[in-house]
Amino acid sequence: MFNDADEQTLASILAWRDLPAKHQPDWPDKAELERLMAYLRTLPPLVFAGEADKLKQEMAAAGRGQAFVLMGGDCAESFADSSADRIRARIRTILQMAAVLTYAASVPVVKIGRMAGQFAKPRSNPFETRDGVTLPSYMGDAVNGHEFTREARTPDPHRLIEAYQRSVSTLNLVRAFTTGGFADLAKVHEWNKGFMANPAYAKYEAMAGEIDRAMRFMKAAGVSTDSFRTVDLYSSHEALLLPYEEAMTRIDSRTGTPYNTSAHFLWIGERTRDIGGAHVEMLSHVRNPIGVKLGPRTTVADAIALIDKLNPEGEPGRLTFITRMGADKIRDCLPPLVEGVARDGRPVTWVTDPMHGNTITAKNGLKTRRLSDIMREIQGFFAVHQELGTHPGGIHVELTGDDVTEVLGGSEEVVEDTLEERYETLVDPRLNHQQSLEMAFLVAEQLRDIDI
Ligand code: PEP
Ligand code: CO
């Protein structure tokens, strides 16, 4: 399955260590970190090379307009919320959205959770000050605790082992749910009918009715395949904490090449995508499908340099650009990038993250986003690709399966005054269950009218 590395491969896996690495915690005891990472190296992989390869093929199809990617989950997973109920609610939300999108796009929907490993966060400010006390910022449960005390906020490398264990149990549940009958399309459709029973969503009745007729037609025609009963739900997270990602990088015995076995898909964030930096170096040496977040200041030269480094041979499905421009900027910032990359010719899968360019601060100081801005960025993304004749490959969103009140808007409207009611996120605001489904219907209405 996985072998020891030969010397050259080992050198490639360790090459990041000589380069500047941004957004790394200041671990107080480096020897303890080393010892724990040596232990982590002995623990089994979370995913297999063959699964990552399969996802790469599916990402390639999305890049050609033959599939559509739905990536979603928490901004930051927490240990407290990795209970069976919370995980099930998130899986259910993703499956419900995927059913609606599959009907509208008429192509397979590639389902990827920001899940089973999304435990680390880059922070704009490494320190937080409250009432004159300054402590390290919360960097995700894999690093420190959210509570504002010196003890909780001090980075603790034992948390990396707990992050691994939480990822194992989350992924185990994902695998059980998606193959054990929970993902049956007929059942997912019943849940969507439950959602539609709420009069707040009457405006989606036409679309919901079409899906219902399609389901009844398939049933009447006796269409019954395993693909209706089981699904692939892949895992992904931001590859931020390099010692952890290094320890999870293993050599595939079939090909002798390294794979990051902590998730099927890894991405590099907007803050750590420097071409000469450690994060880009590390992911350049693994064979997984990978992504890079691109903000509004990205130049064509930046994008081409990333392709040169991360996908020099132009392997389809290897590299996804996840753009996060902001609703007001996407129509100006995205076209030159897409055109420049198209001129280069090496394939890239384009996905939109309509969340991170649209974060605002509400009057009461809480970080939030408007569903209307999120939808405007998605509309802009479709419009730009439509105009240029390129393919909108999918969407990347922060969501939860629970009834939180973190994002403004939606038919069961969350307003500034009600934000505080159930504001539970540890970092960025997430769409709640209803808002996620509403977004799926809104995206579906657009997808139905275009040829992806
Ligand atoms: C994120 O996806 O939570 C994130 C930090 O995004 P970005 O790197 O695009 O800011
Ligand atoms: Co976020």
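**Cysteines, a covered strand and a helix crossing**

Q: Is C333 buried or exposed in this predicted model?
A: The relative accessibility computed for C333 is 19%, and the cut-off for a buried residue is under 20%. Because 19% falls within that class, C333 counts as buried.

Q: Is C75 buried or exposed, and how many disulfides does the whole structure hold?
A: C75 has 0% relative accessibility and therefore counts as buried. A search for disulfides across the whole structure gives a count of zero.

Q: Which residues of strand β2 point one way, and which point the other way?
A: In a regular strand, side chains alternate between the two faces of the sheet. Strand β2 spans residues 68-73, and six of its six residues are buried. One way point F68, L70 and G72, and the other way point V69, M71 and G73.

Q: Which residue in β3 is the bridge partner of G73?
A: Strand β3, residues 109-114, pairs with β2 in the parallel sense over six bridges. Within that pairing, the β3 partner of G73 is R114.

Q: How is helix α8 oriented to helix α14: roughly parallel or roughly perpendicular?
A: The axes of α8 (residues 205-220) and α14 (residues 433-449) come within 10 Å and cross at roughly 75°. Since angles of 65 to 115 degrees fall in that class, α8 is roughly perpendicular to α14.

Q: How many charged residues does the contact of α8 with α14 have?
A: From α8, the residues M207, A208 and E210 meet F441, A444, E445 and R448 of α14. By class, this contact has four nonpolar residues and no polar ones, and its charged residues number three.

Notes:
Residues are numbered from 1 along each chain as its sequence is written. Chains are lettered from A and ligands numbered from 1 in the order in which they are written. This is a predicted model: local features need pLDDT of at least 70, side-chain atom pairs count only at pLDDT 80 or more; totals for chains, interfaces and linings use all residues. Side-chain values use heavy atoms; hydrogens and water are left out. A disulfide is a pair of cysteine sulfur atoms within 2.5 Å. Buried means under 20% relative accessible area, exposed over 50%, partly exposed in between (1.4 Å probe, protein chains only). Axes are lines fitted to C-alpha atoms, for helices over the stretch in contact, and angles run from 0 to 180 degrees between N-to-C directions. Helices (H or I, at least four residues) and strands (E, at least two) are DSSP runs, numbered from the N terminus. Angles under 35 degrees count as roughly parallel, over 145 as roughly antiparallel, 65 to 115 as roughly perpendicular and the rest as oblique. Contact means heavy atoms within 4.5 Å. Ala, Val, Leu, Ile, Met, Phe, Trp, Tyr, Cys and Pro count as nonpolar, Asp, Glu, Lys and Arg as charged, and the others, Gly among them, as polar. Two strands pair if DSSP finds at least two bridges between them.
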